[in-house]
Amino acid sequence: MQNTSTAYSVSLKELLRRKIAALEQRLLHHTESIDDVNHPHGDNEDDDVDHHDGQRDGNDNRHAEGSPPAAHHSQDRSTTRDELDKVLKKLTHGSRTRSKSSRSFQIGFPMRTNYMYSRVKRTVNREMYAMTLCMWLKGGASGIGTPFSYSVPGQANELVLIEWGDKPMELLIKDTAVILPLSLHDGKWHHMCVTWLARDGIWEVYQDGAKRGSGENLNAWQPIKPGGVFILGQEQDSLGGRFDATQAFVGEISDLQLWSHTLTHHDIYSLASCHGHMTGDIISWAESVVELHGGITKYPFDPCH
Ligand SMILES: [Ca+2]
């Protein structure tokens, strides 16, 4: 997957380089054509006309005749400015495209193993009294396994999303589990979110922007601890390790975000219907954040395209 990602960024760089070169060429061409206009009807001639005008009657006409080149001149200048604006816009757009592409990817877990995993190079810095976890997910027909797990020292199951054995998908917070009524086995991409509040332990689950379930007393009043390890694709029995192949995730993940607050139904609907993009304050999906191990695949992908 290293190669895919390198090739991808190289081709993007090449595309940008070519775009800039083409724009430079256009700008140069344009500057030359302005010079061509200026030389035959240069400023000196305009001065001459003005000089004559001062000595004669009916100079208004002459003056009017003298005006068009001057107007043309300033028009060219504004065209040049437009051209420069375009270059700047393209350059800005270019970098925006680049940053969009750094989050437009998916990771794939083709087989159930105990060695394919992705570590998210982020942690929780202070106790979390609320959270929202969202992702685009495509699961296989059999049990999905563990797309997401967060363990902290002393508690391997601080925050886990798991579907294994004959059980449906569950959300675990510190070993307390609730069933998430989701249907993710059709081999299609789905957007899913879970929200949780320490106040009364209120939780909600959404699939494709619609609420599928909710409840309370899920670890009420107990915050999610900081300083842990985020792993995608495996369930941790110890901090960052001791994976079990039977609990491994099989499928694809994209645009995973984690917030330390709850998103509204409206926010989640916007995300799922691609009407807006928001990034998590704890985890924001980006190539630089997601570390791949054991042969996970990575491809350019935009779930909203
Ligand atoms: Ca386990």
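This is a predicted model: local features need pLDDT of at least 70, side-chain atom pairs count only at pLDDT 80 or more; totals for chains, interfaces and linings use all residues.
Colleague: How many residues sit between E6 and E7 in the hairpin?
Modeller: The E6–E7 hairpin has 2 residues between its strands. One turn residue, Lys-174, has a positive phi of about 50°. Strands here are DSSP runs of E, at least two residues, numbered from the N terminus.

Colleague: In what sense do E6 and E7 pair?
Modeller: Antiparallel, over 4 bridges, with E6 at residues 170–173 and E7 at 176–179. Two strands pair if DSSP finds at least two bridges between them. Ile-173 has Thr-176 in E7 as its bridge partner.

Colleague: What is the strand order of the open sheet?
Modeller: Its 7 strands run E7-E6-E5-E4-E11-E2-E14, with antiparallel pairing. E7 and E14 are the edge strands, each pairing on one side only.

Colleague: Which residue stands opposite Val-120?
Modeller: Phe-230 in E11. E2 (117–120) pairs with E11 (229–232) in the antiparallel sense, over 3 bridges.

Colleague: New topic. Where is Glu-287?
Modeller: In the loop between strand E13 (283–284) and strand E14 (290–293). Its C-alpha is 5.5 Å from that of Ser-102, 185 residues apart along the chain.

Colleague: Why does Glu-287 count as partly exposed?
Modeller: Because it has 18 C-beta neighbours inside 10 Å. Buried takes 20 or more other C-beta atoms within 10 Å, exposed 12 or fewer, and partly exposed is in between, with C-beta atoms placed from the backbone.

Methods. Residues are numbered from 1 along each chain as its sequence is written.
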